[in-house]
Amino acid sequence: MTNPARIDVHQHLIPPEQRRAVSGRATAFGWPAPVWDAGSAIAMMDRRSIAVGMLSFAAPVGAPDDPAGARATARRVNEYTAELVKDRPERFGHFAVLPLPDVDGALAEAAHALDELKADGVTVLSNAHGRYLGDPAFEPLWAELDARAAVVLVHPTAPPGSALPDLPGPLVDFPYDTTRTALHLVVNGVPRRHRRVRMILPHAGGFLPYAAHRLACAGRLRPGTTPEDVLADLQRFYFDTAFATGPATLPSLMAFAAPGRVLYGSDFPMLPEEWGTGFDAALDDYAHWAPGQLHAVNRGNAEALFPRLARS
């Protein structure tokens, strides 16, 4: 393996004032409670040949009945993250969190983060308190992000309803919710209308690559749409490799994703480092890379999304 100096498009931070809430949420899911600080993140990156970590906050920023609190929390998280990037722009990037389902709040926060804080993109959860991303109410936000040619990380969260006992949500429900919101976006025409938005689906898009041709049958159920239309729109997404480089998953992803659309991701610290290094090794040791393809996944494809990170 050559040293790829990876760009990690799926790395998280936990601001100090959010530490207890994030830890409690993980415990409620039956998942290891993450521990994070900037110094330990950089040490992890050095051990795993990650040059840059694109930081995002991967939890709801407020209760569904508290839009003012969600706006305030999003602003604090984004300003905290922007300071980290300002201090170490060569090591960190920033996906700003938006307080959906509050569309007006999300529009205001996107403008502040992209214009004032110089965020590299934005992040939204796969559903916002049960409302999925193809909801027509979110159309003003997609239009604004399209006008800005924004990069959007669509981070999974728990779907509505009760989790199954002894099956942690991040293990099975999160990839399901990614798949659900991706198809919801497509059948509601969002990627087709807003072609300048670049959306990243973590964890190889959940079950999407494996099930893509099944999902494409949605095109048979909607007048004026074909399975080929649905497949083409599903292939507009970008995908990251976090927790998703197993010997069945990676070939499915590479067979489905359009050229240039697969990106390296670690999901640190939500995915413990000792787990993630095994997925790194599986990526590096995959036997079917075409010349230059591993470098593209590790770095080159992300450079096209984030030109400031491109090497001269």
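This is a predicted model: local features need pLDDT of at least 70, side-chain atom pairs count only at pLDDT 80 or more; totals for chains, interfaces and linings use all residues.
**Entry 1: His10**

At 0% relative accessibility His10 counts as buried, since the cut-off for burial is under 20%. I placed His10 in strand β1, which covers residues 6-12. I then listed its contacts, leaving aside residues up to four places away in sequence: His10 touches Met54, His155, Pro202, His203, Asp240, Ala242, Tyr264, Gly265, Ser266, Asp267 and Phe268. I also checked one separation: Ser40 is 30 residues from His10 along the chain, and their C-alpha atoms are 16 Å apart.

**Entry 2: helix α4**

I turned to helix α4, residues 103-116. Its 14 residues reach 19 Å from the first C-alpha to the last, close to the 20 Å expected at 1.5 Å a residue. I noted Val103, Gly105, Ala106, Glu109, Ala110, His112, Ala113 and Leu114 as the buried residues of α4. I asked what covers them, and found that the cover includes α3 (67-87), β3 (92-97), β4 (121-125) and α5 (139-147).

**Entry 3: α3 against α4**

I examined the packing of α3 with α4 and recorded an angle of about 15°, with the axes 10 Å apart. Angles under 35 degrees count as roughly parallel, and α3 and α4 are therefore roughly parallel to each other. The crossing of α3 with α4 is right-handed. From α3, the contact is made by Arg71, Ala74, Arg75, Asn78 and Glu79; from α4, by Asp104, Gly105, Ala108, Glu109 and His112.

**Entry 4: α6 against α9**

I next took helix α6 (residues 169-187) and helix α9 (residues 227-234), which pack at an angle of about 120° with their axes 10 Å apart. The two helices are therefore oblique to each other. Their crossing is right-handed. Ala182, Leu183 and Val186 of α6 meet Val230, Asp233 and Leu234 of α9. By class, I recorded five nonpolar residues, no polar residue and one charged residue in the contact of α6 with α9.

**Entry 5: Asp233**

I followed up Asp233, which has its place in helix α9 and takes part in the contact with α6. Is Asp233 buried or exposed? At 5% relative accessibility, Asp233 counts as buried. Not counting residues up to four places away in sequence, I found that Asp233 touches Val186, Pro191 and Arg192. Of these, Val186 belongs to the α6 side of the contact with α9.

How values were computed: Residues are numbered from 1 along each chain as its sequence is written. Side-chain values use heavy atoms; hydrogens and water are left out. Axes are lines fitted to C-alpha atoms, for helices over the stretch in contact, and angles run from 0 to 180 degrees between N-to-C directions. Helices (H or I, at least four residues) and strands (E, at least two) are DSSP runs, numbered from the N terminus. Angles under 35 degrees count as roughly parallel, over 145 as roughly antiparallel, 65 to 115 as roughly perpendicular and the rest as oblique. A crossing is left-handed if the near helix is turned anticlockwise from the far one by less than a right angle, and right-handed if clockwise. Contact means heavy atoms within 4.5 Å. Ala, Val, Leu, Ile, Met, Phe, Trp, Tyr, Cys and Pro count as nonpolar, Asp, Glu, Lys and Arg as charged, and the others, Gly among them, as polar. The expected span of a helix is 1.5 Å times one less than its number of residues. Buried means under 20% relative accessible area, exposed over 50%, partly exposed in between (1.4 Å probe, protein chains only).
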